[in-house]
Amino acid sequence: MDSPAIVVRNLRKIYGSKPAVDGLNLEVPRGCFFGFLGPNGAGKTTTIRMLMGLATPTSGEIELLGLAMPAHAQEIKQRMGLVPDDTLLFDHLTGSEFLEFAGRMYGLERNTARQRAAELLHLFELDGSARKLIGEYSKGMRKRTAMAASLIHKPELFLMDEPFEGVDVVGARLMKELLLDLVKQGSTIFLTTHVLEVVERLCDQVAIIHAGKVVVQGTLAELRTGTETLEDAFVRVVGAERPTEPLDWL
Amino acid sequence: MGSRARAILWAQWRTLWNHFPRSNRFGLAFTLGISALWYGVVAMLAVGAGVLLASPDQGTTVAKLLPGALLLALLYWQVVPILLASTGASLDVKKLLAYPIPHRELFGLEVLLRTTTGVEVLMVFVGAFVGLVRNPRLPLWAPLALIVYAAFNLLLSVGIRDVVMRLFARKAIRELMVFLFVLLAALPQLLLVSGMGARFKVLIPLTSSQFWPWIVTANLLQGHFTPARGLALCGWTAAAYWFGRWRFEGGLRVDAHESATPVEPVGSGSGWWDRLYRLPAAIFPDPAAVMIEKELRVLSRSARFRLVFLMGFSFGLLIWLPMTFGGSGSPDSWVGRNYLALVSSYALLLLSDVLFWNAFGFDRTAAQLYFLAPVPTATVLFAKNFTAMIFITLDVAMVVLVCTLFRLPVSAGKVLEAYLIVFTVSLFLMAAGNLSSTYNPKPMDPAKSFRSNSGRQTQAVMMLLFPVSLTPALLAYLARYAFEVEWAFHAVLLFFVILGFLVRRIAVESAVQVLGRRKEAIVTALSQSDGPISG
């Protein structure tokens with residue numbers, strides 16, 4: 001039997017004296033579309049950065065695709081596709097150059113990387129801006145470029161940090177359909193998002209992180225009680241139900 | 001070289017290539033002109049070294065000069081980047097770690113990139129190498145020692161860069177490190193000045209040991225081979241490799257977010273810091289007051305600015321101290337008499353990079369606010385220039401304070417003179433800087449203490465442009481010397497103050513037009529990041 005795609009045990013990350021992630025436990029089965037939710041500052045990005053190998057945990061264990069991080073970091077990275085926050089793009093490269101760069105970094109032959117880059121640009125409707133620098137792209141175009149780069153080496157596991165942020169309706173629809181296809185083919189997707197509609201439409205399983213800990217994990221049906229919407233369930237779980245005090249001057 | 005390393009170099013090449021046609025012509029011409037001048041001087045040095053080392057009759061001179069020259073090369077490569085708060089081009093590991101690239105390939109590239117802080121030394125080494133090869137008295141293997149010495153420097157530089165970046169990444173430790181660096185470097189001079197050096201004479205044989213890398217290399221370059229010397233140079237290089245690799249691996253494990261641990265920013269509460277920040281509101285109306293307040297808060301919280309501010313009044317003292325009070329220097333010499341003005345001018349030079357030449361550098365994406373908010377552009381420039389003057393005043397005050405604490409000769413007249421000079425020179429720097437900041441803005445990371453570019457432009461400014469901007473001060477001193485009266489000095493400065501105000505006013509008008517015309521280019525330039533290699 002295949003090992004889970006992601007196993008996290010007692011993961012901690014402490015900045016100064018403040019824990020950003022505090023004893024996080026998580027298991028994501030293979031072939032699952034997994035949504036990782038949480039309010040701002042809950043530790044989502046820190047967690048995904050540790051999974052990506054961009055941040056070193058203070059303590060705890062991470063296993064991806066049955067291999068331990070960081071001992072097998074190179075092998076894991078080779079089999080992973082990342083859509084991190086857009087600061088990891090290179091602003092002075094064109095979209096096509098960046099995709100070729102990403103392909104070659106994953107060990108593809110130069111010609112293969114170039115060909116796949118052109119096909120991905122077409123798929124993500126970026127070919128019209130192929131000669132434009134990424135620094136001149138809109139936020140949505142940057143996200144589409146990052147997603148295209150994550151696909152270039154045909155990975156098994158995707159880690160995506162807010163992949164739909166700033167993407168227009170057409171672009172988001174294209175990306176969602178593509179991701180669903182990938183899951184059908186057996187890939188695993190782990191994504192963080194604030195857009196609950198995305199989670200409701202795409203995810204098989206969800207975990208909610210609050211103050212650095214997973215407070216609930218399960219299917220959408222398990223998360224909701226009665227006729228609750230996902231938004232209601234989210235607010236209940238993170239304990240954010242507080243009365244708003246109107247401002248006199250507003 | 002691995003395929004991934006080649007991909008990184010290719011991407012960096014494309015980055016530079018793409019940047020070229022989009023660069024501002026003025027900025028490009030400025031950079032090219034300055035680079036041509038700078039490297040022209042270095043090329044002449046390289047030719048000189050080649051000619052000297054090629055001559056078989058100069059053996060005695062070479063024997064005398066070579067160890068010192070090699071030590072100087074080492075110091076230039078390792079220490080000057082620290083003095084200029086610029087660590088040279090480096091891999092953007094934060095971005096590259098996402099890819100499955102073996103660490104040894106990253107290390108190999110990083111070692112190559114260390115050439116960016118020692119290009120001048122390498123140029124001179126090439127000249128020297130050619131000279132050594134052409135010298136008929138030397139064995140053929142002798143010049144090879146120079147290659148090993150260059151490798152030693154490259155590897156050492158990787159380790160030193162990481163240590164410096166790590167030490168200077170954390171608040172409080174960074175400030176402490178500046179003082180420790182200054183104390184450490186100033187110690188020998190202070191011992192000499194205080195007469196305590198005699199007690200440490202026992203250490204002299206240690207410093208002239210035959211096994212220091214520059215002495216070993218000098219001997220080998222002259223053809224004096226012994227197995228011990230060969231082993232010593234290889235040993236130093238192996239140690240530098242181990243040190244560089246160890247620090248590089250350590251650097252890969254550091255989370256960039258970790259060093260940016262959230263801490264209570266200075267003046268965020270309601271204490272006296274906050275009242276100081278709000279002082280401009282007592283003098284100016286908004287929006288000028290709030291913009292000055294914003295500049296004061298942002299700059300005082302920026303790691304890089306705090307570092308140059310500290311260096312301004314500490315490294316400056318260190319550099320001029322030996323010339324003034326140590327060795328053959330004397331407090332009665334011209335340098336000794338004008339010590340305060342000299343150190344203050346050095347502080348001005350360091351601060352000018354952030355405050356004048358690239359005044360929008362820290363604004364990055366926030367620069368668009370200047371174009372969105374209903375604020376006249378001239379007010380933006382005024383706020384930046386006024387804030388610059390506040391920090392320069394404070395830095396000179398710190399110079400005076402430190403000099404007083406160390407019982408160096410300080411008088412009210414000399415303090416006034418230092419202020420007059422820096423204020424006069426600042427007017428011209430403001431004028432040039434307002435234009436340079438609008439024509440050639442470059443994004444800077446306020447959280448990084450050390451700039452990652454090669455510092456070539458800073459060096460060029462230091463060596464070529466800054467002395468030009470000191471012309472008013474030089475003419476004032478010349479007038480005092482020629483007429484032997486104090487009023488001549490002040491009259492010249494007064495003339496330049498009036499001229500400076502006029503020049504600044506014209507420059508502001510011009511910069512306002514440029515800001516209006518190039519707003520899109522400026523916002524884009526300030527919000528862009530580097531390629532896989534920062535620099």
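Biologist: Let's start with strand 4 and strand 5 of chain A: in which sense do they pair, and over how many bridges?

Modeller: This is a predicted model, so keep that in mind throughout. Strand 4 of chain A, residues 59-64, pairs with strand 5 of chain A in the antiparallel sense, over 3 bridges.

Biologist: Which residue stands opposite A:Glu63 there?

Modeller: That's A:Ala68, in strand 5 of chain A.

Biologist: OK, zooming out. How many helices and strands does chain A have?

Modeller: Chain A has 9 helices and 10 strands.

Biologist: What does the radius of gyration of chain A say against a compact globule?

Modeller: It agrees: for 250 residues a compact globule would be near 18 Å, and chain A comes out at 19 Å. The C-alpha trace of chain A spans about 55 × 50 × 40 Å along its principal axes. As for burial, 48% of the 250 residues of chain A count as buried. Of the contacts in chain A with a separation of 6 or more, 66% are between residues 24 or more positions apart.

Biologist: Now helix 5 of chain A: how far does it reach from first C-alpha to last?

Modeller: Helix 5 of chain A, residues 139-151, reaches 19 Å with its 13 residues, close to the 18 Å expected at 1.5 Å a residue.

Biologist: Why call helix 5 of chain A largely enclosed?

Modeller: Because 11 of its 13 residues are buried, the rest of the structure largely encloses helix 5 of chain A. The buried residues include A:Arg142, A:Lys143 and A:Arg144, along with A:Met147 and A:Leu151.

Biologist: What covers those buried residues of helix 5 of chain A?

Modeller: The cover includes strand 6 (80-83), helix 3, helix 4 (110-123), strand 7 (157-161) and helix 6 (169-184), which are in chain A.

Biologist: Switching to backbone angles. What is phi of A:Glu125?

Modeller: It's near 55°, a positive value in a residue other than glycine. A:Glu125 is in the loop between helix 4 and helix 5 of chain A, and counts as partly exposed because it has 13 C-beta neighbours inside 10 Å.

Biologist: And B:Glu484, where is that found?

Modeller: In the loop between helix 24 (471-483) and helix 25 (486-517) of chain B. B:Glu484 is not a glycine either, yet has a positive phi of about 55°. It is exposed, with 8 other C-beta atoms within 10 Å.

Biologist: Last topic. How many residues of chain A are in contact with chain B?

Modeller: 28 residues of chain A, in contact with 25 residues of chain B. Helix 2 (73-78) and helix 3 (95-105) of chain A each supply at least two residues of the chain A side. The largest share comes from helix 3 of chain A, with 4 residues.

Biologist: What does that side of chain A look like by class?

Modeller: The side of chain A that touches chain B has 13 nonpolar, 10 polar and 5 charged residues.

Technical notes
Residues are numbered from 1 along each chain as its sequence is written. Chains are lettered from A and ligands numbered from 1 in the order in which they are written. This is a predicted model: local features need pLDDT of at least 70, side-chain atom pairs count only at pLDDT 80 or more; totals for chains, interfaces and linings use all residues. Two residues are in contact if their C-beta atoms, placed from the backbone, lie within 7 Å. Ala, Val, Leu, Ile, Met, Phe, Trp, Tyr, Cys and Pro count as nonpolar, Asp, Glu, Lys and Arg as charged, and the others, Gly among them, as polar. Two strands pair if DSSP finds at least two bridges between them. The radius of gyration is taken over C-alpha atoms; the globule rule is 2.2 Å times the number of residues to the power 0.38. A residue is buried if 20 or more other C-beta atoms lie within 10 Å of its own, exposed if 12 or fewer, and partly exposed in between; C-beta atoms are placed from the backbone. The expected span of a helix is 1.5 Å times one less than its number of residues.
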